[in-house]
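Please look at the chain shown here and follow its charged side chains. The text below goes through some of their pairings one at a time.

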Amino acid sequence: MEPPENYSTSTFAIPFEDAKKIILRWDSTASDEARERMIFDGDREEVDLYLQAVDEIQKSMSSTSISPPSSSHHHDQDNNSNKVNSAIQIAMARLEDEFRNILINHTSPVEVDSLLISDHAPAPASSLNRNTSSVRSSNEFDQDEVGGGGDHVDALDPIQRADSRNSSASYRSTSSIREIHLIPQEAVADLQSIAKRMISAGYLRECIQVYGSVRKSAVDASFRRLGIEKLSIGDIQRLEWEALETKIRRWIRAARVCVRILFASEKKLCEDIFYGIGTAIDDACFMETVKGPAIQLFNFAEAISISRRSPEKMFKILDLHDALMDLLPDIEVVFESKSADSIRVQAAEILSRLAEAARGILSEFENAVLREPSRVPVPGGTIHPLTRYVMNYISLISDYKQTLIELIMSKPSTGSRYSGDPTTPDMEFAELEGKTPLALHLIWIIVILQFNLEGKSKHYKDASLAHLFIMNNVHYIVQKIKGSPELREMIGDDYLRKLTGKFRQAATSYQRATWVSVLYCLRDEGLHVRGSFSSGVSKSALRERFKTFNAMFEEVHRTQATWLIPDSQLREELRISISEKLIPAYRSFLGRFRSHIESGKHPENYIKYSVEDLESAVLDFFEGYPVSQHLRRRSQ
């Protein structure tokens with residue numbers, strides 16, 4: 001569209017009538033050409049000419065409004081005012097369309113890959129010391145759910161794939177915030193020039209609405225690419241926990257991107273376009289754009305924080321807590337204005353509720369361990385599933401030590417030796433001075449686990465198996481503590497020694513319950529007779545003694561071969577301890593009395609086993625499966 005005849009752009013003001021013609025020429029309601037073309041898509045001279053025309057119209061509007069009224073000029077002034085107002089309305093409608101068109105043309109969902117690469121880009125050397133939190137946070141993208149090497153890159157989702165590519169995306173770094181250019185600077189300048197004229201003409205609300213609707217659509221599109229779904233708090237709470245775990249992992253990654261890059265960059269764009277035009281206009285546009293998405297983002301964490309508590313949720317809740325705690329300083333920066341109070345308050349309240357949820361879950365877990373009701377003995381006296389579950393759980397708790405030390409401030413509610421409550425174990429804190437409340441809670445969990453196991457051991461009909469069960473389980477507890485440096489540090493070597501003593505005492509009790517009666521057969525008492533014509537040994541009593549020993553050992557061998565000690569070292573140690581008592585006693589007994597049996601009839605019915613046979617038989621113990629009905633007899 002050509003400018004008015006005999007007129008070209010210059011630094012001189014455009015006469016009102018010419019300005020009006022330019023405005024009317026671009027009235028989209030007046031011609032198809034004006035409707036189909038956009039001024040800012042064309043020649044810069046045309047753009048400058050139109051803006052000068054708008055300026056002239058606005059100047060005329062100002063002079064009309066401030067001219068002193070007089071009766072002679074009143075009618076002419078009304079006519080001029082109507083013309084100016086009409087031209088202003090047409091110009092503002094046009095500028096609104098131009099504003100929207102520039103925003104739309106330069107607005108597209110930011111590539112998730114680019115966001116994450118920007119978040120990973122190395123900080124300038126001068127800011128390395130203050131960027132440690134962002135480096136730590138972004139490194140978590142590398143570890144979580146990314147499997148294999150480069151061959152698998154194409155199969156990964158955009159969040160995972162981002163770490164495997166390079167980028168030259170520009171950004172400026174302030175602490176952990178990464179601001180990217182959402183719109184080119186030339187377009188920003190055009191938007192600013194339009195915004196100034198719309199706002200000065202009283203079209204602030206229209207400007208904000210257009211800006212907010214276009215940019216919010218862009219934020220929504222980025223949300224979809226980050227996997228942030230529009231779910232109500234009720235929707236989230238109805239999801240199965242397994243599905244929620246995956247969503248929590250994705251939310252943590254997405255939240256970092258949203259706060260540190262998306263929202264921060266939207267704020268910077270608002271500042272670039274609207275700063276200096278009017279009071280807090282940039283902030284109003286920012287909140288118009290991101291308030292809804294921010295509430296949507298934080299509603300997910302809020303739903304988790306107020307969901308039903310159960311032990312399996314502890315660690316994802318702590319992940320959420322740590323992620324939000326890490327983000328809180330950035331949230332304070334990005335949403336610093338008074339109009340963003342509700343966002344800051346929501347984030348802080350969610351953090352507080354997540355902390356309370358973690359404390360509540362720990363307390364409920366302790367009660368669940370104490371009251372775990374299973375009464376069916378585990379076969380073979382092996383490690384109880386409860387023991388594995390509890391020790392794996394508190395090992396994971398120790399991995400979150402730094403967070404939980406800050407959250408767990410009170411000691412556990414425990415029993416006392418003076419309480420007289422038979423349903424709760426004793427625990428005296430005087431022996432555990434200097435330990436953190438978290439360490440005391442972990443020790444208390446081990447105490448109530450042992451208390452529960454002691455109750456379960458009473459359901460074994462065989463006392464030897466009950467002792468073996470306690471030995472197995474307390475040994476497992478000790479090994480799990482030793483296997484976790486963090487857990488061992490909190491539990492402490494003093495309490496660890498106490499536990500070690502307990503499983504060794506259980507091993508001793510097992511040996512007494514099983515082997516005292518067996519070894520009793522190998523005593524001399526009751527075998528000697530008095531009389532001058534006797535050899536001094538009662539052969540009938542001796543035969544009976546061998547038969548009793550054989551029967552008892554065969555029964556122990558048959559039974560205890562099916563018992564199980566899962567730990568190979570503990571299994572070997574107990575076998576050695578058994579052999580150290582049994583083999584010398586049998587060898588000595590056999591040496592003293594073999595001749596008395598072999599001189600009689602059918603000695604093989606009484607001396608059924610050699611020392612080597614017994615040594616071999618002991619190796620069958622605690623393997624967890626039945627052996628042949630009869631002992632192997634290797635030496636005849």
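In this predicted model, a search of the whole structure finds 35 salt bridges.

Start with Arg197 and Asp55, whose side chains form a salt bridge with an N to O distance of 2.8 Å. This pair links distant parts of the chain, since Arg197 belongs to helix H8 (residues 185-200) and Asp55 to helix H3 (residues 44-66), 142 residues apart. Are the two partners buried or exposed? Arg197 has a relative accessible area of 16%, and it counts as buried because this value is under 20%. Asp55 has 28% relative accessibility and counts as partly exposed, because that value lies between the limits of 20% and 50%.

The next pair is Glu336 and Lys267. Their side chains meet in a salt bridge at 2.7 Å, N to O. Here too the pair links distant parts of the chain: Glu336 sits in the loop between helix H13 (314-334) and helix H14 (341-371), Lys267 is in helix H11, and 69 residues separate them. Glu336 is exposed, with a relative accessible area of 53%, because the limit for that class is over 50%. Lys267, in contrast, is buried at 14% relative accessibility.

What else surrounds Lys267? The residue is part of helix H11, which covers residues 241-274. If neighbours within four places in sequence are left aside, Lys267 is in contact with Phe286, Val333, Val334 and Glu336.

Glu332 lies in helix H13 and Arg344 in helix H14, 12 residues apart, and the pair is one that links distant parts of the chain. Glu332 counts as partly exposed at 39% relative accessibility, whereas Arg344 is buried, with a relative accessible area of 18%. Which residues belong to the network around this pair? Salt bridges with shared partners join Glu332, Lys338, Asp341 and Arg344 into one network.

Notes: Residues numbered from 1 in each chain as written. Predicted model: local features only at pLDDT ≥ 70, side-chain atom pairs only at ≥ 80, totals over all residues. Heavy atoms only, no water. Helix = DSSP H or I, 4+ residues; strand = E, 2+ residues; numbered from the N terminus. Contact = heavy atoms within 4.5 Å. Salt bridge = Lys/Arg side-chain N within 4 Å of Asp/Glu carboxyl O. Buried < 20%, exposed > 50% of the residue type's maximum accessible area, 1.4 Å probe, protein only.
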